[in-house]
Every structure is written in structure tokens, then in C-alpha cells.
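Subject: Structure handover

Hello,

Here is the structure I promised to pass on. Please open it beside this email; my notes follow below.

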Amino acid sequence: MSMSKAVDIKPSKERLEYLRGRRRKKLLISLAQVMILIIFVAQWEITARLGIIDPFITSQPTRIINTIIRLYNEGQLFHHVGVTCLETVTGFVSGTILGTFIAVILWWSEFLTKVLEPYLVVLNSLPKIALGPIFIVWFGAGITSIIVIALAISLVVSILEVLHGFASTDQEQIKLVKTLGAGKLQIFTKVVLPANLPVIMNSLKINVGLSWVGVIVGEFLVSRAGLGYLIVYGGQVFQLDLVMSSVIILCMAAGIMYKAVVLVQQLFLKSRI
């Protein structure tokens, strides 16, 4: 009869000290970030109260909080935030999926890649904001135009980013599966795509910011609802409290969306280990 005993392997003192050092470093970084924010907000409020800066022009934290509360009480806060988030998520998902799909097609056909490469470079260099009025004429003055603007800003970047990853795949691995009789589809599904899943995940993080830029630009041009609309409206009627409140909410929403993408990436990477 054979008996197996579980061996309890304890980490060394050096390992424990290293882990404690990493935790202390992360804690210090978080505390420093919070302190910078607190100091900035406190200085902003104090200088506004003392009249060093004009709160009518720069607003101040307490006025921003009151404006957000007023928007909530009037039932407008979640309406405008929801409209902008819906447009952003739609443009973000569409840009990522469509960009990755086009990158796959271009990788599949070297001839098509060489034909379209200069056009992609030109489109990537073109300020997409200039196309905004054209999209409004084509798709109408509504949410569709805003989503298309967000899609246009992130699409070409997604294509180039993912296509570059596909082209940089280890050629030795591709040659190996070719010698085993793999076809184009098998090469893509067994080698190219798995090797470039981190690249696709990184393109998600890039597209987060680009999608927000596209949506806000679109709302500047045509929207009747959303955070971009509140910013424009507040500037037109000189309600700087409304402008600053919308910007703060926009920063928070964009940060939450970025953190969500980073969390998905971390969970994805852990699942592959």
C-alpha cells in the first residue's frame, strides 16, 4: 500500500518580505493619488472662497456638487449620462468588432493588404472630426451620426493595431504548423489568433478613449441630450457650473469604463495561465 502525503511548502522569508514590499508600494501609490486629488480639490475650493480665482469662471467643488444634485432632482442626470454611455459603448463595441474583422480579412489576403495599406494610413492621419458634418448629412441629426463618428475614430486604429499584431506573429510557429499540413484557417485559429489575443485586448483599452472622444464630438455637433450637449449648452448660456459638472461626470464615466476593460483583460490573462 502506498501513501501520499501532502507537502506544505511555505514561502521563504525573502519571498514574504518581497510580497510585503509590493503591498506597501501599492498602498503608498494609492495614498499619494488620493492625497493629490484631495489637495487639488481643497485648494480649488479655498481659492474660490477667498476670491483669488473667480468662481463664476472656474466654478468650485461645492457649486459642482450642488449642480449635480440639482440635475439629479430634476431627473436629468441619469438621462444625459445614460445617453452618452449608450452611444459610447455602442461605438466602442462596433469599432472593436468591425476593426478586428477587417484586420482578419486583410491578414488573409496579402494582395488586399498591399492595395489598401496607403488608404488606411491616410485615413488614420485624417482628423475624423472633419467628417462629422458629412456623417450628419448622411445619417441625419441623431444618435446614429454620433455612433458613426465614434466608430470612425476608433475603427482605423483598431484595424492597424490588430493587423500589425497578426503580421508580427512568430513565423517559426507558422512554418511548423504548415509542415504538419495545416491550412490557412487552421494557421489562423491555432497560431495567429491565440498569439494575438493580448493585442486585441490592448486595442480595447485604446478604443475606450477614442470612443469617448468620438461621442463627445458628435454631441457637440448635433445632440440634444448627453454630457457633450450639457457642456455646449452650459458654455452658450455661461453656466460654467454646468460645464464643469458635466466634465467631472465625464471623467468619472470614462475612468469606470477603462477600469472595466482593464479588469476584463486581467481576468482573461489569468484564465490563460
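In which helix is Ile38 found? Ile38 is found in helix α1. Helices here are DSSP runs of H or I with at least four residues, and they are numbered from the N terminus.

Before the rest, some ground rules. This is a predicted model, where local features need pLDDT of at least 70, side-chain atom pairs count only at pLDDT 80 or more, and totals for chains, interfaces and linings use all residues. Residues are numbered from 1 along each chain as its sequence is written, and side-chain values use heavy atoms, with hydrogens and water left out.

Helix α1

Helix α1 covers residues 13-49. At 1.5 Å a residue, its 37 residues should span 54 Å; the expected span is 1.5 Å times one less than the number of residues. The end C-alpha atoms are 53 Å apart, which agrees. Ile38 has 48% relative accessibility, so it counts as partly exposed. The classes are buried (under 20% relative accessible area), exposed (over 50%) and partly exposed (in between), with a 1.4 Å probe and protein chains only. The buried residues of α1 are Trp44, Glu45, Thr47 and Ala48. Just after α1, Gly51 takes a positive phi of about 80°.

Thr84 sits in helix α4 (residues 77-108). Its relative accessible area is 0%, so Thr84 is buried. Leaving aside neighbours within four places in sequence, Thr84 is in contact (heavy atoms within 4.5 Å) with Trp212, Val215, Ile216, Glu219, Gly226, Leu227 and Gly228.

Val191 belongs to helix α9 (residues 184-221). Val191 is buried too, at 6% relative accessible area. Not counting residues up to four places away in sequence, Val191 touches Thr169, Gln173, Ile174, Val177 and Gln186. Take Val177: 14 residues separate it from Val191 in sequence, and the C-alpha atoms are 8.3 Å apart in space.

Two loop residues with positive phi

Most residues other than glycine have a negative phi. Now look at Ser59, which is not a glycine but has a positive phi of about 60°. Ser59 lies in the loop between α2 (55-58) and α3 (61-73). Ser59 is buried, with a relative accessible area of 0%.

Phe238 is not a glycine either, and has a positive phi of about 60°. Its place is in the loop between α10 (227-236) and α11 (240-272). Is Phe238 buried or exposed? Phe238 is exposed, at 56% relative accessible area.

Best wishes
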